[in-house]
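Here are my notes on this one, point by point.

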Amino acid sequence: ALRPPPKNLIPPRFTLSLSHPRLLRCAMSAPVAVARGLNLHLKSGGQRLHILKDVSLELLPGEVTAVVGPSGSGKTSLLMVLSGLEQASSGSVTIDGTEIAGMDEDRLAIFRRRALGILFQNFHLIPSLTALENVALTLEIADPAMPWSTVRDRAAQALADVGLAQRAGHLPSALSGGEQQRVGLARAMVGGPKLLLADEPTGNLDQETGAHVIELMFALARERGTSILLITHDPGLATKADRQLRMNEGHLSAVAAA
């Protein structure tokens, strides 16, 4: 039987949760993502703004981490830096063992296709493509040599995993908001990412629909060992995560477990 390691070897964020076998496995796993000493400066209106202030964190396989905080506190900027869509002014980001600082845009794009999934608040589906084609496009871009039959089958399975097998041939305009976000989730997960970055994924959904999308997202990620970083304004949603962090004026800190 797997026995918990001595408490003095356990990171503080896990000491209240080791009775759960899955969280124990998370605690003993190598991090999917590690950020160290991140600082981000941006210019606005002639002023130099300090957006992220010495931010460090680790994200583990199968772990859901929620980041909460007021608007303008730096939550989305953190997500942008972790995805390589914004370059930090200083500090380092390592994802799946690869340091992304210094990569050019082409290498970053290739890396994102392999290691990351991103779920947006506003869905960002291509309106002229069906649900199946929107999901398939991710695989086609990631591996242009993949046979269409393989792409089609994997995309169809990803839609089935989110309960949309019967909607594969529909355009986004024929889908509800919840269905569009589930297509977005299928698209984000179809490539088997190590890290899923979700930026207010329920922000445009009603409470019941949003709860269903979150349940699907958490279940898929935990089943596959994907780490989730969830940006949210919703305190109730944040409590469903394994761990909560708070961003305030560019500083990131832990939220004490209840």
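1. Start with the open sheet: four strands in the order E2-E1-E4-E5, with antiparallel pairing. Two strands count as paired if DSSP finds at least two bridges between them. At the edges sit strand E2 (47–59) and strand E5 (98–99), and each pairs on one side only. As background, strands of a sheet pair through backbone hydrogen bonds, either parallel or antiparallel.

2. A quick word on what you're looking at: this is a predicted model, where local features need pLDDT of at least 70 and side-chain atom pairs count only at pLDDT 80 or more, while totals for chains, interfaces and linings use all residues. Residues are numbered from 1 along each chain as its sequence is written, and side-chain values use heavy atoms, leaving out hydrogens and water. Helices (H or I, at least four residues) and strands (E, at least two) are DSSP runs, numbered from the N terminus.

3. Now zoom in on one pairing. Strand E4 (residues 90–95) and E5 are joined in the antiparallel sense over two bridges. Look for Thr94, whose bridge partner in E5 is Glu99.

4. Next, find helix H4 (residues 131–142). H4 has 12 residues and reaches 18 Å from its first C-alpha to its last, close to the 16 Å expected at 1.5 Å a residue (the expected span is 1.5 Å times one less than the number of residues). Among its buried residues are Leu132, Val135 and Leu139; buried means under 20% relative accessible area, exposed over 50%, and partly exposed in between, with a 1.4 Å probe and protein chains only. The cover over the buried residues of H4 includes helix H5 (148–161) and helix H6 (177–189).

5. Which residues have the most contacts inside the largest nonpolar core? They are Val135, Leu159, Val183, Leu185, Met217, Ile228 and Leu230, in a core of 41 residues. Such a core is a set of buried Ala, Val, Leu, Ile, Met, Phe, Trp, Tyr and Cys residues joined through side-chain atoms within 4.5 Å. H7 gives the largest share of this core, seven residues.

6. Is Thr202 buried or exposed? Thr202 counts as buried because its relative accessible area is 16%. Leaving aside neighbours within four places in sequence, Thr202 is in contact (heavy atoms within 4.5 Å) with Gly210, Ile214 and Leu237.
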